[in-house]
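Here are a few friendly notes to read with the model open beside you. Take them one at a time and find each place as you go.

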Amino acid sequence: MNGFAAYMSRKLVRLALLVVMASMLAFTLVANSPIDPVTAYLGIDRMQISQEQEQLIAERWGLHKPAPERYLLWAKNALSGDLGQSLAYNEPVATVIAKRFTTSLWLMASAWLLSGIIGFALGVLAGLYNGSWLDRCIRLYAYTLAATPTFWMGLVLLACFSVALGWTPICCATPPGVSLEEATLWERISHLLLPAATLSIIGIAQIALHTREKMIDAMHSDYALFAMAQGESRVGVALRHALRNIALPAVTLQFASLGELFGGSVLAEQVFSYPGLGRATVEAGIRGDVPLLLGIALFSTLFVFTGNAIADLLYRSLDPRIRIGAQEAS
């Protein structure tokens, strides 16, 4: 077995263990939560049904069985591709996740790109002009936003641009009464602006600070000092030599931040009532929708793992030192 095949085998084993542990933890937390799924599903109609009818609903959903038995049954069905039926949306869990993730994908992709590009540019400028007023301004901006909660930033943008100025829609992914299929491209973009800006502004801080440190190291390296001794300007050294060396760590860090992006989208979608996967997660938690919560936990685990795996593969393929070190370790 060659090095890459062994590396991928180890990755798949870790993924399988991670999925099992994440699903068991999510099931345990949901099973021990104080929310009764039947009561959460019926809502105000709960007072109108008898104990026998409530028992029938519980038996139909399998809630009368012990928790370990329910988990094993769910795991068996999940292995065959059946994640169960969502109690909150009355649809198969796989269908709910597919629909909601399609909506969230626009939000997360635009925020991911904007935070990566702007954060990298700010980090390059701060590192290039280390100690200047520009560097101090960028660091102040980054340190302040790194400690800023996502929901608070969303509320501030909502109050400024939607309530006070009226420039952007106040909620949702489309105008009221218009489905995603009927909405025009501009309508969808206008509803996407504030949630994407919220996630981007928060995500810029991490990539900017990381890129700044790498840029400072690159500008003090031997090859940079040699180039400047030959008459090359600082900007010329940065563009011709340093950018290539700091781009790879920035890209891998951006892929590795998919987990934080997913968590941030849950809060942003809740603030803006954006009907994505994050809002579905909150609805599932409030209404005790165990199958949907487990399905989302499984999907988010695969999503974050994929991002980290892409970051590792990029490092292995583009940096020979990582690949050789891994081969020597194995």
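1. His 191 is buried, with a relative accessible area of 10%. That value is under 20%, so His 191 counts as buried. Please keep in mind that this is a predicted model.

2. Where does His 191 sit? His 191 is found in helix 8, which covers residues 185–219. The side chain of His 191 reaches the backbone oxygen of Thr 174 at 3.3 Å. Not counting residues up to four places away in sequence, His 191 touches Pro 169, Cys 171, Cys 172, Ala 173, Thr 174, Pro 175 and Tyr 274.

3. Now look at Ser 200, which also lies in helix 8. Is Ser 200 buried or exposed? With a relative accessible area of 4%, Ser 200 is buried. Leaving aside neighbours within four places in sequence, the contacts of Ser 200 are Ser 110, Ala 111, Leu 114 and Ser 115.

4. Next comes a pair of helices. Two packed helices are described by the angle between their axes and the distance between the axes. Helix 7 (residues 150–164) packs against helix 11 (residues 258–271) at an angle of about 35°, and their axes are 9 Å apart. The crossing of helix 7 past helix 11 is right-handed.

5. Which residues make this contact? Helix 7 brings Thr 150, Phe 151, Gly 154, Leu 155 and Leu 158, while helix 11 brings Gly 264, Leu 267, Ala 268 and Val 271. Sorted by type, the residues of this contact are 6 nonpolar, 3 polar and no charged.

Note on methods. Residues numbered from 1 in each chain as written. Predicted model: local features only at pLDDT ≥ 70, side-chain atom pairs only at ≥ 80, totals over all residues. Heavy atoms only, no water. Axes fitted to C-alpha atoms, helices over the stretch in contact; angles between N-to-C directions. Helix = DSSP H or I, 4+ residues; strand = E, 2+ residues; numbered from the N terminus. Left-handed = near helix turned anticlockwise from the far one by under 90°. Contact = heavy atoms within 4.5 Å. Nonpolar A, V, L, I, M, F, W, Y, C, P; charged D, E, K, R; others polar. Buried < 20%, exposed > 50% of the residue type's maximum accessible area, 1.4 Å probe, protein only. Polar contact = N/O pair within 3.5 Å; in protein donor to acceptor, adjacent residues only side chain to side chain.
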